Amino acid sequence: MIKIGIVDDHQLFSSGLAAMFSNVENIEVVGTFDDGEAFIEFLEKDGELNVVLLDITMPKIGGLEVLEILRKTRPSIKAIMLSMHNDGNYIVQSVRNGALGYLLKNADQEELTKAITAVYEGKKYFNAETTELLLNNMAVEGEVVKKLSPREREILELIAEGLTTKEIAEKLFISTRTVETHRVNMLKKLNVKNSAELIKKAAELKLI
Amino acid sequence: MKNGVSIKFWVVFLVNLLFVPTILLVSLFFYQQFKTSIDERVLLQLTSIKGLKRVQIEDFLEREWQNFEPNQEGQLISEEELSNFAKESSGLEGIHDVTGLESGGFLRLAFVKKDSEGSYHIRYEDGEEIKKILLERTGMGKSGESYLVGEDFKLRSRSRFFPERSPYEFECQSEGVLNAFEQKEGKGIYEDYRGIEVYGAYQFLNARGLKWAILSEIDTEEALEPLLALKKNLIIILVISILIIFVLSLFLAGALTRPLLRMKYYLDRMSGGDYDFEINAKPVGYEMNLMYDSLSEMVAKFKSTISFSKEIGEMNLAADYKLIGENDTLGKSLLAMKEQLRKINETETQRQRELRSAIVSGQEKERLRLSKELHDGLGPMLTHLKLMVQSQELPTKGKDALKNVIDDTVNEVRRMTFNLMPQSLMDFGVAKSVQNLVLMLKPLTDIQIEFIYHSGEKRGNFGDDVNICLFRITQECLNNGIKHSVAENIVLVLTEEENQVNLYYSDDGKGFDVNTVSGGSGLSNMRARTDALGGTFVISSAEEGTTIDVTLPFQK
């Protein structure tokens with residue numbers, strides 16, 4: 001028997017969910033909580049459960065905070081985030097704070113059961129959609145290597161050779177304005193103030 | 001010219017008043033001098049000619065007298081006969097003038113000498129030699145002549161003017177003759193035997209009882225010919241001088257009045273409110289130049305005041321103005337006005353900003369409310385609905401269809417919620433929300449969207465107002481870019497700087513005219529949002545694409 005708790009400020013939702021789980025074998029809903037505070041109080045009274053379904057946005061104490069408290073006080077309790085947010089940032093933050101799974105609230109019964117079972121067994125559960133969101137955002141987080149487009153690299157090399165904007169424009173058969181735009185784009189991309197710094201930074205990053 | 005006589009008139013009048021009489025006086029004096037000198041010269045010359053002739057005649061007569069030897073030549077003449085023509089006063093011996101009707105009116109002299117025996121001898125002489133002497137006309141011009149007059153006032157020598165008539169026909173009682181017979185030697189201007197005015201020199205001639213008046217005369221008309229010529233020339237010179245003086249005075253008057261009239265023209269323009277002209281006159285005269293310099297300076301200063309007031313009129317309150325002087329009341333008023341306007345403007349700008357800010361924040365509040373409503377109200381209902389559907393005994397196919405519809409609806413609500421107000425904006429800041437927005441939009445467009453974030457201490461979370469503002473601008477930029485730009489690439493850069501955050505958008509699309517773009521509410525909305533937070537918003541767009549650069553100070 002897996003003992004689960006549901007923490008959600010939408011009572012209609014949590015009661016519906018509880019009703020749904022009442023028909024499922026091996027899963028017993030120990031309690032539903034209106035917000036993080038109520039859940040923490042339950043835990044402080046030595047409430048026992050295996051898996052908790054956490055909403056993220058709640059009054060008083062939100063889901064992400066609850067995760068941190070759990071990690072410190074009750075690391076044995078496995079948490080699955082159950083949220084309306086299909087925003088990768090929340091998924092990344094949830095994972096960072098120790099959630100083992102992330103589901104959107106419109107997940108169906110099968111998936112919920114599957115996730116609870118997996119998490120209970122110590123596995124992680126993310127479906128295809130949340131995985132993609134997670135990876136996308138992880139990629140952004142780790143994206144420190146700046147990229148220049150081929151045209152930008154071409155222009156940067158000519159700038160490095162000491163050509164003026166006009167000369168570059170003539171050489172590449174484009175307008176001086178375009179050259180300027182590319183140059184400003186590069187300045188912004190590499191977060192530098194002028195062309196000299198741009199060349200230096202680009203060299204450091206081995207972009208040219 | 002309303003009252004008074006013009007300067008021009010005065011100058012012309014005074015100059016002429018001064019010069020014309022002077023020239024007239026000088027000319028008159030000169031003329032008089034010249035006339036006097038001519039008089040003197042002519043009379044002097046006549047005197048010397050007359051003197052010369054007198055001497056020659058006296059010499060000749062004396063010579064003839066000495067040569068006359070009564071014993072050898074001449075007829076004997078009785079005393080009786082002799083006394084006919086000898087004058088009672090003088091003796092019988094001597095030279096007698098016997099010109100008379102018998103001689104045909106021509107000169108005839110009779111030499112009478114007594115010989116040793118007491119008889120009188122007489123010899124007649126026709127005076128050819130005397131005629132010769134008198135006709136010698138050197139220095140006498142055209143009308144000059146020397147002639148002799150007898151005691152009977154009849155001419156003794158032939159008149160030059162009437163050579164065919166005998167001298168005896170003419171009687172001459174001119175002033176010269178009368179004076180001469182009174183034993184006076186002299187000269188003067190008088191009428192001669194013809195009744196014509198002449199210069200004359202006269203003297204009494206006495207040789208051996210012969211009494212004549214010798215006269216050398218010249219017509220005044222001829223003598224004064226040079227004077228006439230001079231007079232003519234003088235008049236011509238006078239007329240020309242007066243003309244020249246008149247013209248010069250006109251010119252002078254013009255030179256004096258032209259700058260004044262020009263200045264009047266400038267002043268008129270100025271009093272008409274027109275200061276838009278250059279003063280480039282180069283008037284004559286130091287004082288005029290000074291006046292014009294002052295005028296130029298005045299105009300220049302006026303212009304600066306005017307341009308300043310114009311700037312104020314155009315609400316360019318950054319314009320600066322240097323007071324012309326201590327008493328520059330206008331300048332002071334303008335400066336005060338500028339200051340007032342600046343204050344009003346500042347207050348107004350502040351008010352506008354607050355108003356905009358209030359509108360924006362009201363709007364955002366409403367969006368947040370709506371977002372929450374959707375999220376907290378509709379979301380749970382839908383999820384609940386889905387749970388209910390799941391727990392119903394329904395045919396699998398219908399159940400799945402229903403579930404799909406509910407899922408789609410939930411997704412739509414999520415999308416709407418996100419667009420209205422992403423929860424992540426509050427929780428994670430703008431950088432991550434924008435990242436998420438980009439991730440959401442990427443599958444919907446072919447445009448390559450690149451988002452670069454240069455993070456700093458704030459970690460992309462700049463406070464709700466800045467976050468929302470940046471997010472809204474990003475939304476607007478990306479929406480416009482995707483919808484209208486036809487770009488291949490969009491670059492979005494968020495840079496956290498020292499005290500501000502910069503959002504830079506750039507696409508390589510077709511661009512648009514920033515000034516005429518219709519439905520520019522998006523643009524003005526972006527501007528208004530930026531302005532409300534005291535930031536700067538710069539957009540530039542051309543054929544090569546569009547760039548938007550927004551900088552916002554961190555929220556206090």
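Reply: In this predicted model, A:Gly101 sits in strand 5 of chain A, which covers residues 101–104. A:Gly101 counts as buried because it has 26 C-beta neighbours inside 10 Å, and 20 or more are needed for that label. Setting aside its neighbours within four places in sequence, A:Gly101 is in contact with A:Ile80, A:Met81, A:Ala115, A:Val119, A:Lys124, A:Tyr125 and A:Phe126. A:Asn127 is 26 residues from A:Gly101 in sequence, with 8.9 Å between the two C-alpha atoms.

Two of those contacts, A:Ile80 and A:Met81, take us to strand 4 of chain A, residues 78–83. Strand 4 of chain A and strand 5 of chain A run parallel and are joined by four bridges; along this pairing, A:Ser83 stands opposite A:Leu104. To get from strand 4 to strand 5 of chain A, the chain passes through helix 4 of chain A, in a right-handed β-α-β crossover.

Now have a look at strand 4 of chain A by itself. Six of its six residues are buried. In a regular strand, side chains alternate between the two faces of the sheet. Here both faces are covered: A:Lys78, A:Ile80 and A:Leu82 are buried on one side, and A:Ala79, A:Met81 and A:Ser83 on the other.

Strand 4 of chain A also pairs with strand 3 of chain A (residues 51–54), again parallel and through four bridges. Within that pairing, A:Leu54 has A:Met81 as its bridge partner. The link from strand 3 to strand 4 of chain A runs through helix 3 of chain A (residues 63–73), and this β-α-β crossover is right-handed too.

What about the nonpolar surroundings? The largest nonpolar core has 47 residues, and A:Ile4, A:Ala79 and A:Ile80 touch the most other members. Not counting residues up to four places away in sequence, A:Ala79 touches A:Val52, A:Leu54, A:Leu67, A:Leu70, A:Gly98, A:Ala99 and A:Leu100. Apart from this core lies another, of 40 residues, including B:Leu43, B:Tyr147, B:Tyr168 and B:Ala213.

Finally, let's turn to the partner chain. Contacts between the chains involve 31 residues of chain A and 37 residues of chain B. On the chain A side, helix 1 (11–21), helix 4 (88–96), helix 6 (128–142) and helix 9 (176–189) each supply at least two residues. Helix 9 of chain A gives the most, with seven residues. By type, the chain A side divides into eight nonpolar, 16 polar and seven charged residues.

Terms used:
Residues numbered from 1 in each chain as written. Chains lettered and ligands numbered in written order. Predicted model: local features only at pLDDT ≥ 70, side-chain atom pairs only at ≥ 80, totals over all residues. Contact = placed C-beta atoms within 7 Å. Nonpolar A, V, L, I, M, F, W, Y, C, P; charged D, E, K, R; others polar. Buried ≥ 20, exposed ≤ 12 C-beta atoms within 10 Å, placed from the backbone. Core = buried A, V, L, I, M, F, W, Y, C linked by C-beta atoms within 7 Å. Pairing = 2+ DSSP bridges. Right-handed = clockwise from strand over helix to strand, strands pointing away.
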